[in-house]
Amino acid sequence: MAKAAVGQICSSNSMAHNLEQCVKLVGQAAAAGAKILFLPEASDYIGSSAQESLSLAKPIGTSPFVAGLRSAAAKHQLAVHVGIHVPVSVKPSTTTTTRNPVLSSIPQSEDRDSINSTASSSQNNPVPGEGQRQAQKTEPEPATKLKLYNRTIYIHPDGSLHSAASYDKLHLFDYPDAKLRESTTTQAGTKFTPPFDSPVGRLGSLICFDLRFPEAALHLTTTTSTTTTTTSSSSSSASPPTKSYPSPAQILLYPSAFTVATGSAHWEVLLRSRAIETQSYVIAAAQVGLHNPGLSARVSYGRSMVVDPWGRVLLSLKGVRDDGKDAEEGAVGQLGVVEVDLAEWERVRRNMPLVRRTDVYPEV
């Protein structure tokens with residue numbers, strides 16, 4: 001068994017302050033004997049507006065937040081999994097057959113020069129008025145603009161980045177009732193990240209709203225498919241495997257910033273459901289509290305949680321006050337430590353084998 005630490009913060013529009021919170025948790029986690037620290041979604045910042053969020057984003061190679069966290073990880077010889085924002089230049093999709101509204105743009109580049117050029121172009125060409133829009137209807141080439149990837153990264157204990165462990169959020173949170181429409185500024189990811197090793201087991205990366213999609217969890221926690229051949233009277237063709245990785249995730253990750261309304265109603269039941277149906281550990285580091293007092297009313301629910309493969313809650317941190325307007329005392333900066341027992345993961349799967357009827361329904 002190995003110890004995993006879960007850190008809970010309240011990000012604001014100050015990247016320096018957010019880094020300070022995270023670095024402090026790195027030191028505390030190492031002192032507690034943990035081998036890895038899990039931090040929330042958007043640990044680098046949460047802006048007070050969509051425009052501010054776009055302006056704060058930095059490429060990974062030049063992000064002071066990433067650099068500072070890598071330095072802290074190396075100093076304490078601690079692995080870190082954390083959520084950040086990464087700018088990407090995009091062009092509006094010209095495909096009229098797209099059925100998914102979050103796929104309204106096509107990513108172009110994360111290159112720093114491309115990002116700087118796109119940002120400069122956006123500033124010099126503000127959103128046009130109605131008359132200008134009419135005049136621009138015949139323009140053949142859609143303009144490039146700036147969006148963000150909602151990404152998680154994995155930092156090795158020596159401070160280096162795991163190049164194959166980054167994950168971009170697939171399912172974007174468009175929730176009009178909470179006046180949140182993530183797809184306005186965020187570019188949806190296009191693929192899963194294969195499970196990868198860590199000091200506490202194989203990790204399967206997902207983020208926040210991905211929690212509501214059991215297909216994603218099952219995809220990461222079931223074994224590799226094999227290529228099948230179908231034969232008809234006229235031809236024979238091979239279907240590609242649905243996965244290209246041999247070993248399932250043992251621990252699902254859901255770094256999050258849940259709203260108070262959705263958190264109080266669904267947070268625990270969703271986390272426990274994903275653990276039970278996948279027979280996996282679930283670790284969910286969460287944002288908590290009022291993010292930008294006086295500038296924005298956005299509040300995150302908190303209650304970071306760890307659930308074992310049988311659905312037992314091993315850890316639950318503090319959350320918002322009863323009035324839902326800010327964090328309860330001691331919630332911001334709270335650290336929890338649990339032991340991850342992979343023998344339990346094996347025992348649950350051995351004692352209750354789940355044989356899926358993929359002859360009747362498709363595998364995921």
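How many nonpolar, polar and charged residues does the lining of the second largest pocket have? The legends below take up that question and then visit other spots in this predicted model.

**View 1. The second largest pocket and its lining.** Welcome to an open space of about 750 Å³, the second largest pocket. Its lining is made of 32 residues, and the closest to the pocket centre are Ile46, Lys179, Leu180, Arg181 and Arg298. To come back to the opening question, the lining has 14 nonpolar, 12 polar and 6 charged residues.

**View 2. Helices and strands around the second largest pocket.** Two helices, α2 (50-56) and α7 (260-278), each supply at least two residues. Strands β5 (145-155) and β8 (180-181) likewise each supply at least two residues of this lining.

**View 3. An open sheet of 5 strands.** Reading across this sheet, the order is β9-β12-β13-β16-β17, and the pairing is mixed. At the edges stand β9 (203-205) and β17 (313-316); each has a single partner strand, so one side of each is left without a neighbour in the sheet. On average, neighbouring strands of this sheet are turned by 15 degrees against each other, direction ignored.

**View 4. The pairing of β9 with β12.** Strand β9 is joined by 3 bridges to β12 (residues 251-253), and the two strands run parallel.

**View 5. The largest cavity.** The structure holds 2 cavities of 30 Å³ or more, and this view shows the largest cavity, with about 60 Å³ of space. Its lining can be traced through Phe173, Cys208, Phe209, Arg212, Ala257, Phe258, Thr259 and Thr262. By class, 5 of these lining residues are nonpolar, 2 are polar and 1 is charged.

**View 6. The second largest cavity.** Our last stop is the second largest cavity, which has a volume of about 30 Å³. Around it you will find Phe38, Leu39 and His81, together with Leu253, Tyr254, Pro255, Ile283, Ala284 and Ala285.

Notes:
Residues numbered from 1 in each chain as written. Predicted model: local features only at pLDDT ≥ 70, side-chain atom pairs only at ≥ 80, totals over all residues. Heavy atoms only, no water. Pairing = 2+ DSSP bridges. Helix = DSSP H or I, 4+ residues; strand = E, 2+ residues; numbered from the N terminus. Axes fitted to C-alpha atoms, helices over the stretch in contact; angles between N-to-C directions. 1 Å grid on protein atoms, 1.4 Å probe; cavity = no way out; pocket = protein on both sides within 12 Å on 5 of 7 lines; lining within 4 Å. Points joined across faces, edges and corners; volume = space filled by probe spheres on them. Nonpolar A, V, L, I, M, F, W, Y, C, P; charged D, E, K, R; others polar.
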